[in-house]
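Let's take a walk through this model together, from one chain on its own to the place where the chains meet. Keep the 3D view open as you read.

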Number of protein chains: 2
Amino acid sequence: MEPRKQTRSGGCACGACKCLYGKRKWECKVDCIFAPYFPAEDTLKFSNLLKVFGYRNVRKMLQNLPESSREDAVTSLCFEAEARIKDPVYGCSGELYRTQKSMSELMQRLEMIGILQDIFGRRRIASERMRVRVLRHTS
Amino acid sequence: MEPRKQTRSGGCACGACKCLYGKRKWECKVDCIFAPYFPAEDTLKFSNLLKVFGYRNVRKMLQNLPESSREDAVTSLCFEAEARIKDPVYGCSGELYRTQKSMSELMQRLEMIGILQDIFGRRRIASERMRVRVLRHTS
C-alpha cells in the first residue's frame, strides 16, 4: 500500500481550511496554498482576512506571488485586515495618516530648533565680536 | 403618469455599476450604495476595489457604516487598494513601515541634537565659570 502523502499542515486542516469548512474538513489538500501561513490553532487570522478581502481575492493574490514573498504578503494583509476591523472607516490608512502627521510635526520641530540655533548662534557671534572690541579698547 | 424617480448617479450607471455590469446596465438602482462615490466616468477606482476587496466585502463594509462616514471609507479603501496593486507584497503597510522608519530616524536626529546642545551648553557654562575665576584672580 502506497504511503499517504503528508499535507503541508501536517495531517490536519490548517487555520484557513478550518475557518472555511469548519468540522467538515479534517485535513487540507496536499498543495493547500494557505497551510504554511495559517496554523491549525489560529483561525482568527484567516477569519479577519475573509471579512476584509474575501477568500478568492486572498487566494488569487497569493497565487500571483512567488512562494518566497507569500509570508510577507500574508503578514501585511493580516495587519491591514485587523486595522480595517478595528477602524472600519480609515483602516490602515488612518494609521499611516497619523504617522505622517506626527512626522510632519517633528519636521517642524526640527526646523524650529534649526532656527533657534541660528538665532543663538548669531547672538553668540555678536557678543564675541563685542568682547574682542572691548579688549582692543582696554589693551 | 408618475414621474420616474431620479437615480443617485443622475440617470446613468455609476462607475461601480459600469464596472460590474458593463454595457448591460444603463442606469443604477435608485438606492445604489456606490453611486454617490463612484462617478460614471471613473471605473478604474471601483475596478481596483474589486480586485483587492471584492464586491460583496466593499458593499458590506459600506452598509455597516453611517452615510456620513462612507465617503471617507471609500477614499481610504481606494487608497489601500491602489497601494496593494502597486506593491502586491506589502501594500499600504509597506508605506506605513517606511514612514515609521523615517520617523524613528528623525527621532534619533532630534535626540542627537538634544545631546549636542547639552554638551555645548555644559562647555559654555564651564568656560563662563573659568572666565569668572580668571577675573577674580586678576582683579
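Helices here are DSSP runs of H or I with at least four residues, strands are runs of E with at least two, and both are numbered from the N terminus. Keep in mind that this is a predicted model, where local features need pLDDT of at least 70, side-chain atom pairs count only at pLDDT 80 or more, and totals for chains, interfaces and linings use all residues. Residues are numbered from 1 along each chain as its sequence is written, chains are lettered from A and ligands numbered from 1 in the order in which they are written, and side-chain values use heavy atoms, with hydrogens and water left out.

Start with chain A. It has five helices and zero strands, so to read it from the N terminus you simply go α-α-α-α-α. Of its 139 residues, 35% count as buried, where buried means under 20% relative accessible area, exposed means over 50%, and partly exposed is in between (1.4 Å probe, protein chains only). Contact means heavy atoms within 4.5 Å. Among contacts in chain A between residues at least 6 apart in sequence, 53% join residues at least 24 apart.

What packs against it? Beyond the neighbours within four places in sequence, A:G15 is in contact with A:F38, A:P39, A:A40, A:D42, A:T43 and A:F46. Take A:F38: it is 23 residues away from A:G15 in sequence, yet their C-alpha atoms are 4.9 Å apart.

A:F46 takes us on to α2(A), where the buried residues are A:F46, A:S47, A:N48, A:L49 and A:V52. The cover over them includes α1 (15-21), α3 and α4 of chain A, together with α3 (55-63) of chain B. Just after α2(A) comes A:G54, with a positive phi of about 85°.

Buried residues in α4(A) include A:S69, A:R70, A:A73, A:V74, A:S76, A:L77, A:C78, A:E80, A:A81, A:A83 and A:R84.

Time to bring in the partner. Two copies of a chain are related by a rotation about an axis and a shift along it. Here, chain A can be laid on chain B with an RMSD of 0.1 Å by a turn of 180° and a shift of 0.0 Å along the axis, which is the relation of a two-fold axis. The superposition is by least squares on the C-alpha atoms of residues with pLDDT of at least 70 in both copies. Which residue of chain A comes closest to the rotation axis? That is A:F53, whose C-alpha is 2.2 Å from it.

The contact takes 35 residues from chain A and 35 residues from chain B. Of the interface residues of chain A, 100% are also interface residues in chain B, so the copies meet through the same surface. The buried area, meaning the accessible area (1.4 Å probe) that the two parts lose on being put together, summed over both, is about 3,100 Å², and carbon and sulfur atoms give 66% of that. In chain A, A:L96, A:L106 and A:L110 lose the most area to chain B, together 18% of what that side buries.

B:E80 makes a salt bridge with A:R84, the closest N and O atoms being 2.9 Å apart. There are also 18 residue pairs in polar contact between chain A and chain B, both residues at pLDDT 80 or more. A polar contact is a pair of N or O atoms within 3.5 Å; within protein, one must be able to donate a hydrogen and the other to accept it, and residues adjacent in sequence count only if both atoms are side-chain atoms. The elements giving two or more residues to chain A's side are α2 (44-52), α3 (55-63), α4 and α5 (91-138) of chain A, and the largest share, 16 residues, comes from α5(A).

Finally, zoom in on two serines of chain B. B:S93 lies in helix α5 (residues 91-138) of chain B and counts as buried at 11% relative accessibility. Its side chain is joined to that of A:E80 by a polar contact of 2.6 Å. B:S76 is in helix α4 (residues 67-86) of chain B, and this serine counts as buried at 5% relative accessibility. Leaving aside neighbours within four places in sequence, B:S76 is in contact with A:R84, A:V89, A:Y90 and A:S93.

Note on methods. A salt bridge is a side-chain nitrogen of Lys or Arg within 4 Å of a carboxyl oxygen of Asp or Glu.
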